[in-house]
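Dear colleague,

I am handing over the structure we spoke about, and below it you will find what came out of going through it. Please read the notes with the structure open beside them.

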Amino acid sequence: MILKRITFALLVAASCTFAASLQAESTDSSVDELKQQSQELGETLQDYGADQKDQAEDAINRTLTALDKRIAELEDELSENWDDMSNAARERSQESLASLREQRERVQTWYNELKASSASAWERAKKGFSDAYDALSDQWNKTERDLTLDQDKKAKSI
Amino acid sequence: MPFSPDHIAELNLLSQFESSSGQAGIKVHRQDAAPETVQAAERLFSKGLITRDDGGYLTPMGSEAVELAQKLQSILTT
């Protein structure tokens, strides 16, 4: 009877570990896909002319929506891990996320400018958006690293 | 119409941005910076040219202002 219970407990533990591993792999994979999507947007933006404004807006919308979703996930992860983090890690993560939100806001300002721009102002607005988007992309990668670093430390301490 | 000292301080602060793209932001440290620079940052923010009242990044309008300021400076120095 005891042996059965131990076996059952081991099976439950193993299946939980497997499920958690699958979840982590799934998140890693979607972040990688988003990184790829984000990089492609940065590269293809240069090719959009004023006559392709609608296409450019579609591509930007898709990527920014996915990025917003990821930022919300990072915020959730920070909340979930909050109790296990040191004060220094909390401060670093909060600052990193605050910078990310600031860059996101800046991109939105330039995106609004891009949407409202006339054909003659297109290149200038596109350049401004592109620079702001590159900065957002850099900050996003940094925030991913900052938060992953904290999670790795937590995992090692267990 | 002559440039006022306030305008000069604002132009000088705008010139601190590396380029009109505003790729890099700036921070005006209230404790260390000259009072006219601190106030210039606050005015530029309230006019919608920069993203924070202590620096930040250029907005689209700020970016245009820097471009124009650079052109003016180039004309005056040639």
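K127(A) and D131(A) both belong to helix α4 of chain A, where they stand 4 residues apart, about one turn of the helix, and their side chains meet in a salt bridge with 2.7 Å from N to O. Please bear in mind that this is a predicted model, in which 17 salt bridges are found over all chains.

Turning to the interface, 2 salt bridges are counted between chain A and chain B. In one of them, E102(A) is paired with R52(B), and the closest N and O atoms are 3.2 Å apart. On the side of chain A that touches chain B, the elements that give two or more residues are α3 (87-116) and α4 (122-157) of chain A, and the residues of that side divide into 3 nonpolar, 2 polar and 7 charged. There are also 4 residue pairs in polar contact between chain A and chain B, counting pairs with both residues at pLDDT 80 or more.

As for the extent of this interface, 12 residues of chain A are in contact with 13 residues of chain B, and the area buried between the two chains is about 980 Å², with carbon and sulfur atoms giving 46% of it. E102(A), R106(A) and R124(A) supply 51% of the area that chain A buries against chain B, which is more than any other three residues supply, and E102(A) is also the partner of R52(B) in the salt bridge described above.

Finally, chain B carries a nonpolar patch on the surface, formed by F3(B), I8(B), L72(B), I75(B) and L76(B), which together have about 510 Å² of accessible area. Helix α3 (residues 60-77) of chain B gives the most to this patch, with 3 residues, while F3(B) lies in the segment before α1 (5-14) of chain B.

With best regards

Key:
Residues numbered from 1 in each chain as written. Chains lettered and ligands numbered in written order. Predicted model: local features only at pLDDT ≥ 70, side-chain atom pairs only at ≥ 80, totals over all residues. Heavy atoms only, no water. Patch = residues over 30% accessible without salt bridge, like charges linked within 9 Å, V, L, I, M, F, W, Y side chains within 5 Å. Areas by Shrake-Rupley, 256 points an atom, 1.4 Å probe, with all protein chains shown as cover. Salt bridge = Lys/Arg side-chain N within 4 Å of Asp/Glu carboxyl O. Contact = heavy atoms within 4.5 Å. Buried area = accessible area lost by both parts, 1.4 Å probe. Polar contact = N/O pair within 3.5 Å; in protein donor to acceptor, adjacent residues only side chain to side chain. Nonpolar A, V, L, I, M, F, W, Y, C, P; charged D, E, K, R; others polar.
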